[in-house]
Amino acid sequence: MTKILASFLFLTTGISLALDNDPDCFNSTFALLEAQLVDFISGNTAEVKEYEMCSGTEVDIGLPDMNFASFSGGDYPLVAARPNAIISCYGSCILRGGFIQFAAAPNLAVGDNVITGISVENVVVKGFTFTGNVDYTGGGSLAVAAPGDVVFQDCTWKDMVATDVLAVGFNAFVPVVTDSTIEVTFRDSAFKNIKLESVFATNRRQSMSFKHCAFDNFEANGPSFFFWCDGGSCAFTDNCLSNITYGSALFYRDDVPLPAAFNVSNIFADSVKLDESILAEATCDLSLAINNDVDSNCAFEGCVDDIVFDASTCSLIPSMSPSTPVTTMEPTSVPTMEPTEPTSTGLSLGQQPRKVVLVGVFLLMMIM
């Protein structure tokens, strides 16, 4: 079956494949991406399928060249490239460093063609650890720009130096997604020992939420926000904050140019410090700032309610519930192949000297 599919892909897209027959698990992010593309291009995405990373796998993610035509010094980011997928690790799987560590984009360029219509509805990513230095302007640990809904379950971000960490709806390579088509949820996950130069989590006009997560030992330099809701819908509920040192305000709701809905509730907190010299009015322990005028700077709106200031209460957060079963979705459309000029905008997945080879695949972090 693999040989037949490989022949089909070569004839229709010019892709040359050398895949194992349904491996039990993957020890490369590049190989895991290839397996998703095989299923996506052949239209096998109606049923939920799990792509498991082998326990004990440690991946050093490479850095792109100036044109994002290839990665050097490591493997590729972890990429979601189809709907109805579980991308999992049972044990220990570590993704270290790189320019971006997880990505989802709507288009994949293959040679002179573009695979369009990629979505990530009903995708669960669970059991991974993200770590290392991702302190590159425009980079970060995560960027989601493909339409759909992605749940990160039981994942860990730790021991990280970054400019920004999590971005939904935009990236240095992605114009702001104007339609609200993306939903990203972080559940039962941990974030610890993170040093930033800017914003930890940014949501641009989409939906982004954290629930039952623990945040420990954060430090940000200069004016900055912990969670920036730039339009769309944001939620931060049933979480624990400890040893947090931040700049202007933890939560920033930006209503320009579109209104933002921000639900912040049921927070367990201990040792949270804001820089009052940056936002003089922020006299409470946890503050919410708001920008509702395009010509003004952010202004202090008020203190966040529903907070328990006691480190021991973090244990009162409801225990992690079993992962929500992933349901079977309707078949997605078979991707169209349209000629296009090669582009250097975005992260590229070029050729690697590995057993599994996918020639000429580029991840376009842009909306076509």
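User: Where in the protein chain is confidence lowest, and where is it highest?
Analyst: This is a predicted model. Strand 27 (residues 337-339) is lowest, with a mean pLDDT of 35, and strand 1 (residues 49-53) is highest, at 98.

User: And what's the mean pLDDT of the protein chain?
Analyst: The mean is 74, and 61% of the residues reach 70 or more.

User: Over which residues does pLDDT stay under 50?
Analyst: Residues 1-18 are one such stretch, and the model has 31 contacts beyond four places in sequence for them. Residues 318-368 also stay under 50, with 161 contacts beyond four places in sequence. Where pLDDT is low, the predicted coordinates should not be read in detail.

User: OK, on to the fold. How many helices and strands does the protein chain have?
Analyst: Two helices and 29 strands. Of the contacts with a separation of 6 or more, 79% come from residues 24 or more positions apart.

User: How much of the chain counts as buried?
Analyst: 55% of the 368 residues.

User: Back to strand 1 then. How does it pair with strand 6?
Analyst: In the parallel sense, over five bridges. Within strand 6, Ile 86 is the residue opposite Glu 50.

User: Which strand pairs with strand 6 over three bridges?
Analyst: Strand 2 (residues 58-60), in the parallel sense. There, Asp 60 stands opposite Arg 96 of strand 6.

User: And over how many bridges do strand 6 and strand 10 pair?
Analyst: Eight, again in the parallel sense, with strand 10 covering residues 120-134. Cys 93 has Phe 128 in strand 10 as its bridge partner.

User: What about Ala 85, buried or exposed?
Analyst: Buried, with a relative accessible area of 0%. Ala 85 is found in strand 6 (residues 85-96).

User: What is Ala 85 in contact with, leaving aside neighbours within four places in sequence?
Analyst: Lys 49, Tyr 51, Asn 122, Val 123 and Val 124. As for distances, Glu 121 is 36 residues away from Ala 85 in sequence, with 8.4 Å between their C-alpha atoms.

User: Switching to the largest nonpolar core. Which residues touch the most other members?
Analyst: Trp 157, Phe 200 and Phe 210, out of 66 residues in that core. Strand 23 (residues 260-274) supplies the largest share of this core, seven residues.

User: What does Phe 210 touch, not counting residues up to four places away in sequence?
Analyst: Several of its contacts are Phe: Phe 186, Phe 191, Phe 200, Phe 215, Phe 227 and Phe 236 are among them. Phe 210 also touches Leu 166, Ala 201, Ala 235, Thr 237 and Asn 239.

User: How many aromatic pairs does the count come to?
Analyst: 30 aromatic pairs. One of them is Phe 30 with Tyr 76, a tilted pair at 4.5 Å centre to centre with 35 degrees between the planes.

User: Why does that pair tie together parts that are 46 residues apart in sequence?
Analyst: Because Phe 30 lies in helix 2 (residues 29-41), while Tyr 76 lies in the loop between strand 4 (71-72) and strand 5 (78-79).

User: Is Phe 30 buried or exposed? And Tyr 76, buried or exposed?
Analyst: Phe 30 is buried, with 1% relative accessible area. Tyr 76 counts as buried too, at 1% relative accessibility.

User: Last one: what sits over the ring of Trp 228?
Analyst: The charged end of Arg 204, which is 5.4 Å from the ring centre.

Notes
Residues are numbered from 1 along each chain as its sequence is written. This is a predicted model: local features need pLDDT of at least 70, side-chain atom pairs count only at pLDDT 80 or more; totals for chains, interfaces and linings use all residues. Side-chain values use heavy atoms; hydrogens and water are left out. A nonpolar core is a set of buried Ala, Val, Leu, Ile, Met, Phe, Trp, Tyr and Cys residues joined through side-chain atoms within 4.5 Å. Buried means under 20% relative accessible area, exposed over 50%, partly exposed in between (1.4 Å probe, protein chains only). Helices (H or I, at least four residues) and strands (E, at least two) are DSSP runs, numbered from the N terminus. Contact means heavy atoms within 4.5 Å. pLDDT is the predictor's confidence in each residue, from 0 to 100. Rings of Phe, Tyr and Trp (its six-membered ring) pair if their centres lie within 6.5 Å; planes under 30 degrees apart count as stacked, over 60 as edge-to-face and the rest as tilted. A charge sits over a ring if NZ of Lys or CZ of Arg is within 6 Å of the ring centre and within 35 degrees of the ring normal. Two strands pair if DSSP finds at least two bridges between them.
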